[in-house]
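Hi everyone, thanks for coming. I'd like to walk you through one model today, so let me put it up on the screen.

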Amino acid sequence: MQSPHRVHAERNCPSATAPGGRWSSRSDVGMCGGCTPLVASMARSANRFITRLRMRKKSRLEGRSPLSILATVASRRGGATIGSLHSLQPIMSGLSSHTLDPHVHYPEGRARAWIVWSIPGLFFLYEFMIRVLPAVIEKPLQQELGVSPGEIGLSMGFYYYAYGPMQIIVGVLLDKLGARGPLAIAALVCSVGALTFAAGTTLTGLGAGRFLMGFGSAFAYVGTVYIATIWFPGRRVAMISGLTVTLGMLGAITGESMLEFLLQQTSWQHVMYGFAGAGVVLALLLIIMVPNRPQWFKQRISESASHGKHPGIVACLKQVLTNRQTLLLGLITGLVYLPVGTFAALWGFRYLNTVLHISDDESGPYVSLIFLGLAAGGPLVGWLSDMTGRRTLFLVLGSAVGVISTSSLLLLPSGVTWLLMINLAVIGMVVSILVVAFPLAMEQNPCYARGTALTFVNLTQMVFAGIGQWVVGMLLDQSTRGSGANDEFTSGEFKQAFLLLPVCMLGAFLLSLLLREPHNRGANDASIEPEVGRIACSHPEGPKSHFRHGIGD
C-alpha cells in the first residue's frame with residue numbers, strides 16, 4: 001500500500017511519475033528523488049532572501065509562513081507548482097533545524113503589538129493622574145470637611161496602603177490568568193473608587209475611595225509591561241518599558257495643571273465622576289482590544305514549568321524570592337528610586353525653599369524637572385539597552401552618575417538656577433535606568449514566574465520610597481531644632497538629612513557590580529544567529545512559524 005504522502009506527491013509532482021522519475025525512499029514525506037535538488041536550491045534562495053530583508057530592517061516577512069516564502073521564490077524561479085510545494089511542507093519542517101529568533105521579530109506582527117500595548121499604556125496614564133490628585137484637591141477638601149492637613153494626608157495615604165501590598169498578588173495573577181481580565185477588572189475597581197471618593201462626606205469615605213483606586217492602580221504599570229513581553233520581541237522590551245514610564249510621567253506633569261483647570265470650571269466631585277466614567281471606558285477598551293495570551297505562549301509556560309503544569313502561587317513566589325540575582329536587583333532598584341520617593345514626592349519643595357531660597361510657587365517647576373528627566377531618559381535608556389543587549393551595564397553607570405548628581409545637589413550654592421535645573425534633570429535621568437530592571441528581572445526567572453518577578457521589583461521601589469520618607473523625617477526630627485512637626489529646619493539640617501541620597505546611590509553602585517547578565521536572552525543583532533531556545537517564553541515555532549535556516553544550509 002502506497003504512503004498517502006507518496007500518492008499526494010504523485011498527483012502534484014510531475015517528476016514523480018515522469019519517465020526516469022525516482023521516488024525518495026529515505027523520507028517518504030511526499031518528495032520524489034527528482035525534486036530533492038530543486039527544493040534544497042529553493043530553500044537556500046529563500047534563506048538568502050530573508051537574510052537580505054532582515055539586514056535592511058524590512059518587515060515584509062512579518063506574518064508569512066515558510067510555505068508562502070518558498071512559493072514566492074519558486075514563482076520567481078519558474079519552478080514547481082503550488083501543489084507540489086504543499087506536498088513538500090513536511091520535509092521543510094523536518095530539515096529546518098532553527099526558527100526566526102523571537103528576540104528580534106514581532107511574534108504576531110508589529111501593528112498588533114503596538115495596538116495591544118497602547119490601551120494598557122493609557123490605563124497607566126490614567127492611574128498616574130488619579131495618583132497625583134490629592135496635591136490639587138487637598139485644600140478644598142480641608143476647607144469643606146474642616147479637618148487638619150495631617151488627617152487629610154492619612155486619608156489620602158490609603159492609596160499606597162493598597163498599592164504596595166498588591167504588587168506580589170498582581171504578579172501571581174498575571175502569571176496565572178494573563179493581563180486582559182485582571183487589567184479590565186482593575187480599571188473597573190478604579191472607577192468604583194472614584195465614585196466612592198466623589199460621594200464621600202467623611203474621611204472614612206475618602207479613605208475607602210483612595211484605597212480602591214490604589215488597589216486597581218497596582219495593576220497598571222506591571223500589566224502594561226507584562227503585555228509588552230508577550231507581543232513585542234525581546235529586543236524591544238526595555239524600550240517599551242521606558243515608553244510606559246514616560247506615559248506615567250506625562251500624567252504626573254500634566255495631571256496637576258489639567259486638574260487645576262477643571263477645578264476652576266466645576267467642583268472636585270464632578271471631576272471624580274469624570275474619572276469614574278473614564279475608568280469604565282478603559283475597562284471596555286481593555287476587554288475589546290487586548291487579546292488573551294496566545295496558545296504558543298501558554299505552551300511555553302507549561303514547558304518552562306515542571307511536570308508540564310502551571311505552578312501555583314507558592315511556587316512562583318518561591319522561585320523569585322530564592323533567586324539571589326532578583327533579590328539583589330530589588331535592593332538596587334529600591335535604592336536608586338529614593339530621589340523620586342523622598343525628594344520629588346515629598347521633601348523637595350521644602351528643601352528648595354529652605355536650602356536654595358526658592359519660593360513655593362517656583363519650587364514646583366523645579367521639582368518637575370526630575371519627572372521630565374525620567375520621562376526623557378526612560379525610552380532612551382531602554383532603546384540603548386535593547387540595541388546593545390546589555391542590562392546591568394546601565395545600572396552600574398547610572399548609579400555611578402547618581403552618586404555624583406545627588407552629592408552635587410547638596411553642594412549647590414543658592415542663585416545658580418541653571419545649574420540646579422541641569423542637576424535635577426540628570427537625577428531624573430539617573431532614575432530612568434530602572435526601566436531595564438523590569439525586563440532584567442523577568443529574564444532572570446522562568447517563564448511561569450515572570451509576572452511575579454516584575455511586580456517584586458516594583459514592590460521594592462514602593463517599600464524603599466516609604467522607608468526613605470520616614471528616615472528623612474526621622475533625621476530632621478532628631479536635629480537640634482526639629483523637635484516638633486511645625487518647627488522650621490535650617491539649611492544644614494536638611495543637607496545632613498539628605499546625605500541619605502548619595503549614600504544609597506553608592507550602595508546601589510556597589511551592589512550593581514555583583515549583577516550578572518542572564519544567559520537566556522537571544523542576540524540583539526539580527527545578523528547574529530542565537531542558539532535555539534534561548535528565549536524562555538518565545539514562540540515555539542518562531543514568529544508566525546517562520547524558519548531561519550534554509551533547507552540544505
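Let's start at residues 522-536, where pLDDT stays under 50, and for which the model has 39 contacts beyond four places in sequence. This is a predicted model, after all. Across the chain the average pLDDT is 74, and 68% of the residues score at least 70. Residues 1-12 also have pLDDT below 50, with 22 contacts in the model beyond near neighbours in sequence.

Which elements have the lowest and the highest mean pLDDT? The lowest is helix α6, residues 89-95, at 42, and the highest is α26, at 95.

So let's go to α26, which covers residues 500-512 and includes S512. Is S512 buried or exposed? S512 is buried, because its relative accessible area is 1%, and the cut-off for buried is under 20%. Neighbours within four places in sequence aside, S512 has contacts with I332, L395, V396 and S399.

My other stop is helix α10, residues 158-177. After α10 comes G178, with a positive phi near 90 degrees.

That's my tour, and I'm happy to take questions!

Terms used. Residues are numbered from 1 along each chain as its sequence is written. This is a predicted model: local features need pLDDT of at least 70, side-chain atom pairs count only at pLDDT 80 or more; totals for chains, interfaces and linings use all residues. Side-chain values use heavy atoms; hydrogens and water are left out. Helices (H or I, at least four residues) and strands (E, at least two) are DSSP runs, numbered from the N terminus. Buried means under 20% relative accessible area, exposed over 50%, partly exposed in between (1.4 Å probe, protein chains only). Contact means heavy atoms within 4.5 Å. The expected span of a helix is 1.5 Å times one less than its number of residues. pLDDT is the predictor's confidence in each residue, from 0 to 100.
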